Amino acid sequence: MIPPADAPAFLAAHGWGDAQILPLAGDASFRRYFRVVGDGRQAVLMDAPPPHEDPRPFVAVAEWLCAQGLTAPAILARDLERGLLLIEDFGDVRLRETLDERPEAEAGYYAGVVDLLARLHARPAMPELPVHGLDQWLDEVMLFPDWYAPALGLEVDRDAFRAAWEAALAPVAADGIARVTVLRDFHAENIMLLGGREGIAHFGLLDFQDALVGHPAYDLASVLEDARRDVTPAVEAAMLDRYVAATARDDRFRAAYWALAAQRNTRILGVFVRLWKRDGKPGYRRFQPRMWGLLERDLTHPALAPVKAWFDAHVPAGKRAEAWESTGEVTEA
């Protein structure tokens with residue numbers, strides 16, 4: 001977490017020449033974040049180094065979200081060629097840690113989050129975003145046979161896997177529900193709680209640079225079936241009901257919710273192994289037992305019967321959650 005070499009000159013050019021640059025966070029990508037502090041003010045420096053990262057999508061989506069009445073960080077300064085952004089600092093109060101300390105407040109906070117999604121989904125989708133549809137859903141779940149299976153010594157039928165998912169997801173792709181802006185990494189660690197703001201403005205949004213145009217059930221499943229914290233099943237059910245009531249959805253939406261929750265959780269099982277094996281980030285293994293618990297619950301829904309049958313035939317219990325429990329590690333085949 002050493003600041004990029006160009007950072008001091010960038011900050012000086014925009015009136016922050018005497019500020020301290022303090023490590024803040026990294027993430028699963030090449031992006032890094034630093035807190036910039038000086039003269040009684042603070043901001044966040046995003047380092048999105050080319051050619052690995054491009055800050056332009058973050059800027060475009062942030063400005064679009066603000067125009068929709070949602071709370072994304074203001075862009076204070078930019079050097080797009082060097083991948084440097086100075087953005088509004090939302091502070092340190094995240095939804096994740098707040099709920100860890102106050103689990104009794106879970107339903108109230110998630111009600112606000114669901115209201116935020118309902119507001120976002122009432123707007124036409126952001127123009128010119130990539131599409132997130134059936135082809136993309138199918139490509140994403142293939143991370144499971146391509147990364148998860150070999151890491152645990154499983155020999156699986158890839159073609160049957162894709163066919164099972166196509167049978168489950170094709171009805172969702174054809175359900176006629178209007179597509180919306182999908183933030184994609186919408187979960188409790190990317191939602192900040194902002195003092196002095198009320199309603200949906202209280203929730204500050206982060207990590208939305210990979211936004212797509214897709215199904216409105218996707219982000220709802222992302223936040224209610226969170227890879228990083230357990231959402232009480234009763235709260236998940238109540239929030240699904242709340243969203244359906246707020247948006248006048250019907251049973252097609254509920255079917256899509258469970259199918260896309262399963263799709264996302266399967267993708268993440270593969271992603272977390274890839275982060276371990278390819279990118280040298282073994283810490284993501286600790287989330288795998290939770291992901292299996294969520295996926296197995298999703299697969300009980302009748303529309304996912306073909307996918308459940310594939311998992312039952314190809315992935316024994318010892319290669320699921322219990323393979324990762326205790327240490328978060330598995331023994332390679």
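## Charges over a tryptophan ring

In this predicted model, Lys277 lies over the face of Trp276, at 4.3 Å from the ring centre. Trp276 also has the charged end of Arg285 over its ring, and here the distance to the centre is 4.8 Å.

## The cluster that holds Trp276

Trp276 belongs to one aromatic cluster, whose other members are Phe144, Tyr148, Phe161, Trp165, Trp292, Trp310, Phe311 and Trp324.

## Aromatic pairs in the whole structure

When the whole structure is searched, 19 aromatic pairs are found. One of them joins Phe58 and Phe208, which are stacked, with 4.7 Å from centre to centre and an angle of 15° between the planes. This pair links distant parts of the chain, since Phe58 belongs to helix H2 (residues 56-67) while Phe208 lies in the loop between strand S8 (203-205) and strand S9 (212-214), and the two are 150 residues apart. Both Phe58 and Phe208 are buried.

Another aromatic pair is formed by Trp310 and Phe311, and its geometry is edge-to-face, with the ring centres 5.3 Å apart and the planes at 90° to each other. Are these two residues buried or exposed? Trp310 counts as buried because its relative accessibility is 4%, and the cut-off for that word is under 20% relative accessible area. Phe311 is likewise buried, because its relative accessible area is 0%. Trp310 and Phe311 are also both members of the aromatic cluster described above, to which Trp276 belongs.

Technical notes. Residues are numbered from 1 along each chain as its sequence is written. This is a predicted model: local features need pLDDT of at least 70, side-chain atom pairs count only at pLDDT 80 or more; totals for chains, interfaces and linings use all residues. Side-chain values use heavy atoms; hydrogens and water are left out. Rings of Phe, Tyr and Trp (its six-membered ring) pair if their centres lie within 6.5 Å; planes under 30 degrees apart count as stacked, over 60 as edge-to-face and the rest as tilted. Helices (H or I, at least four residues) and strands (E, at least two) are DSSP runs, numbered from the N terminus. Buried means under 20% relative accessible area, exposed over 50%, partly exposed in between (1.4 Å probe, protein chains only). A charge sits over a ring if NZ of Lys or CZ of Arg is within 6 Å of the ring centre and within 35 degrees of the ring normal.
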